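Here's a quick tour of one protein chain, going from confidence to overall make-up to a few packing details. Have the model open while you read.

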Amino acid sequence: AAGAHAAHELKSTSGRQYGLVHRDISPHNLMVGAGGHVKLLDFGIAKASQGMDHTRTGMLKGKISYMSPEQCRQEALDRRSDVFALGIVAFELLTGVRPFTGRSELATMQNIVTGEMIELRELRADCPALVESAIVRSLAIEADNRYDTADDMRREILRAAKEAGVAVDTDVTAGFVG
């Protein structure tokens, strides 16, 4: 989330915000280093709202299972689309499954657009309620109901984890990687 937020905040030398959206946040594009820091990789299909050519109409970019509803509908995207993808990744990290999986790519997209998802509590009854709430908010179908920024999401999940007594820091993460 911190890496996505940094990309979203990227500005030109004149101070103009690029409006960068990664459009492909998934476990495949996240790497945890030996020091426990998570890196957001592969900005190959990222799109800036300012100063870059637009993707050809009718082209879907990104992995279907991690797309936001607006991405599935081929609507204009902003940083909240990446927040949605981060919510899917968080859900999958906690449960081992994706929340919107369908029998086909089309069915998966329909589930994403309509909000038809597996309940996190059904898979992980032990998930702290505040952590679940943060993830569910990031997966809101309407972008206006999600976190405004990936940093807001990050802060809420960290706060929820702390309140639940879950240790979250780079040393703990490094222990899993090392």
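Over which residues does pLDDT stay under 50? That stretch is residues 51–57, for which the model has five contacts beyond four places in sequence. Here pLDDT is the predictor's confidence in each residue, from 0 to 100, and contact means heavy atoms within 4.5 Å. The protein chain averages a pLDDT of 89, with 89% of the residues scoring at least 70.

Some ground rules. This is a predicted model, where local features need pLDDT of at least 70, side-chain atom pairs count only at pLDDT 80 or more, and totals for chains, interfaces and linings use all residues. Residues are numbered from 1 along each chain as its sequence is written, and side-chain values use heavy atoms, with hydrogens and water left out.

On to the make-up. The protein chain has eight helices and two strands, in the order α-β-β-α-α-α-α-α-α-α from the N terminus. Helices (H or I, at least four residues) and strands (E, at least two) are DSSP runs, numbered from the N terminus. Of the 178 residues, 38% are buried, meaning under 20% relative accessible area. Among contacts between residues at least 6 apart in sequence, 58% join residues at least 24 apart.

Now for two helix pairs, with axes being lines fitted to C-alpha atoms over the stretch in contact and angles running from 0 to 180 degrees between N-to-C directions.

| Pair | Angle | Axis distance |
|---|---|---|
| α6 (residues 129–138) and α7 (residues 150–163) | about 165 degrees | 8 Å |
| α3 (residues 79–95) and α6 | roughly 140 degrees | within 7 Å |

That makes α6 roughly antiparallel to α7, the word for angles over 145 degrees. On the α6 side the contact includes Leu130, Val131 and Ala134, and α7 brings in Met153, Ile157 and Arg159, among them. Sorted by type, the contact residues of α6 with α7 come to eight nonpolar, one polar and three charged. Nonpolar covers Ala, Val, Leu, Ile, Met, Phe, Trp, Tyr, Cys and Pro, charged covers Asp, Glu, Lys and Arg, and the others, Gly among them, are polar.

In the other pair, Val83, Phe84, Gly87, Ala90, Phe91 and Leu94 of α3 meet Val131, Ile135 and Ser138 of α6. That contact divides into seven nonpolar, two polar and no charged residues.

Last stop: Asn29, in the loop between α1 (2–8) and β1 (30–32). Asn29 is buried, at a relative accessible area of 5%. Its C-alpha atom is separated by 4.9 Å from that of Leu41, twelve residues apart along the chain. Leaving aside residues up to four places away in sequence, Asn29 touches His22, Asp24, Lys39, Leu40, Leu41, Asp42 and Lys63.

Terms used: Angles under 35 degrees count as roughly parallel, over 145 as roughly antiparallel, 65 to 115 as roughly perpendicular and the rest as oblique. Buried means under 20% relative accessible area, exposed over 50%, partly exposed in between (1.4 Å probe, protein chains only).
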